[in-house]
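Subject: Structure for you to look at

Hello,

Here is the structure I promised to pass on. Please open it first, then read my notes below it.

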Amino acid sequence: MAVNESAENYLETILVLSKKLPVVRSVDIAEELGFKKPSVSVAMRNLREKGHISVDRSGFITLTPSGREIAEMIYERHQLLSAWLMQLGVPEETAVEDACRIEHVISRESFQAIKAHAGNGAPKREEGEGGQDNGYEEKIMFRAHAGRNASVDRLFFWEEDSADL
């Protein structure tokens, strides 16, 4: 299943576009990536020959199971890494650009470790002055936006003691 970074980017773009558009065509991919259509056509031929996409007679592009697996892996990495970097205080534009580079070179093991840490790394409770519990739990929520943008929302859940009601 080894593919190069360019192929991964095309597959990820097809996945993202398929979530936004009823059908995906080469012209849509070229527009999304800012590439010329002949370059995209060559890439689509290569992806088709490797069995990662299929193209019907109308020129509509769909991911095959192998193409979808790669695209979803890269998309998940991009979304989580972008959000995690922003959570660490990296400006959104830089976080998204860095995530786009990291998503292609990070090992499966390293990504799984980051994923586990990002999901569990936020403090569950914070203490107030004098070690008093403030009564809330902070959770991090990753929210993906259309395209390659992601944002991080901090949600606070106050725990109410039923005796106080």
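A residue counts as buried when its relative accessible area is under 20%, and as exposed when that area is over 50%. Anything in between is partly exposed. Keep in mind that this is a predicted model.

Start with Ser-26, which is found in helix α2. Is Ser-26 buried or exposed? Its relative accessible area is 13%, so Ser-26 is buried. Leaving out residues up to four places away in sequence, Ser-26 touches Lys-37, Val-40, Met-44 and Ile-61.

Now compare two loop residues. Pro-22 is found in the loop between α1 and α2. Its relative accessible area is 81%, so Pro-22 is exposed. Pro-22 and Phe-60 are 38 residues apart along the chain, yet 9.8 Å separates their C-alpha atoms. Val-90 is in the loop between α4 and α5. Its relative accessibility is 24%, so Val-90 counts as partly exposed. Neighbours within four places aside, Val-90 is in contact with Leu-85 and Ala-95.

Next, the whole chain. It has six helices and five strands. Along the sequence they follow the pattern α-α-α-β-β-α-α-α-β-β-β. Of the 165 residues, 37% count as buried. The accessible surface comes to about 10,000 Å², and 51% of it belongs to carbon and sulfur atoms. Take the contacts between residues at least 6 apart in sequence: 50% of them join residues at least 24 apart.

Then α3, which covers residues 37-49. This helix has 13 residues. From its first C-alpha to its last it reaches 18 Å, close to the 18 Å expected at 1.5 Å a residue. Which residues of α3 are buried? They are Val-40, Ala-43, Met-44 and Leu-47. An α-helix has 3.6 residues a turn, so residues three or four places apart point the same way.

On the other side of α3, Pro-38 and Glu-49 are exposed. What do the buried residues of α3 pack against? They pack against α1 (5-20), α2 (26-33), β1 (53-55) and β2 (61-63). Just after α3, Gly-51 takes a positive phi of about 80 degrees.

Look at α2 and α3 together. They pack at an angle of about 120 degrees, and their axes are 9 Å apart. The crossing in which α2 passes α3 is right-handed. On the α2 side, the contact is made by Ser-26, Val-27, Ile-29 and Ala-30. On the α3 side, Lys-37, Val-40 and Met-44 make it. Ser-26 is the buried residue we began with.

Last, α1. It has 16 residues. It reaches 23 Å from its first C-alpha to its last, close to the 22 Å expected at 1.5 Å a residue. Its buried residues include Ala-7, Tyr-10, Leu-11, Ile-14, Leu-15 and Leu-17. Glu-8, Asn-9, Glu-12 and Thr-13 are also among them. The buried residues of α1 pack against α2, α3, β1, β2, α4 (65-87) and α5 (92-105).

Best wishes

Methods
Residues numbered from 1 in each chain as written. Predicted model: local features only at pLDDT ≥ 70, side-chain atom pairs only at ≥ 80, totals over all residues. Heavy atoms only, no water. Helix = DSSP H or I, 4+ residues; strand = E, 2+ residues; numbered from the N terminus. Expected span 1.5 Å × (residues − 1). Buried < 20%, exposed > 50% of the residue type's maximum accessible area, 1.4 Å probe, protein only. Contact = heavy atoms within 4.5 Å. Areas by Shrake-Rupley, 256 points an atom, 1.4 Å probe, with all protein chains shown as cover. Axes fitted to C-alpha atoms, helices over the stretch in contact; angles between N-to-C directions. Left-handed = near helix turned anticlockwise from the far one by under 90°.
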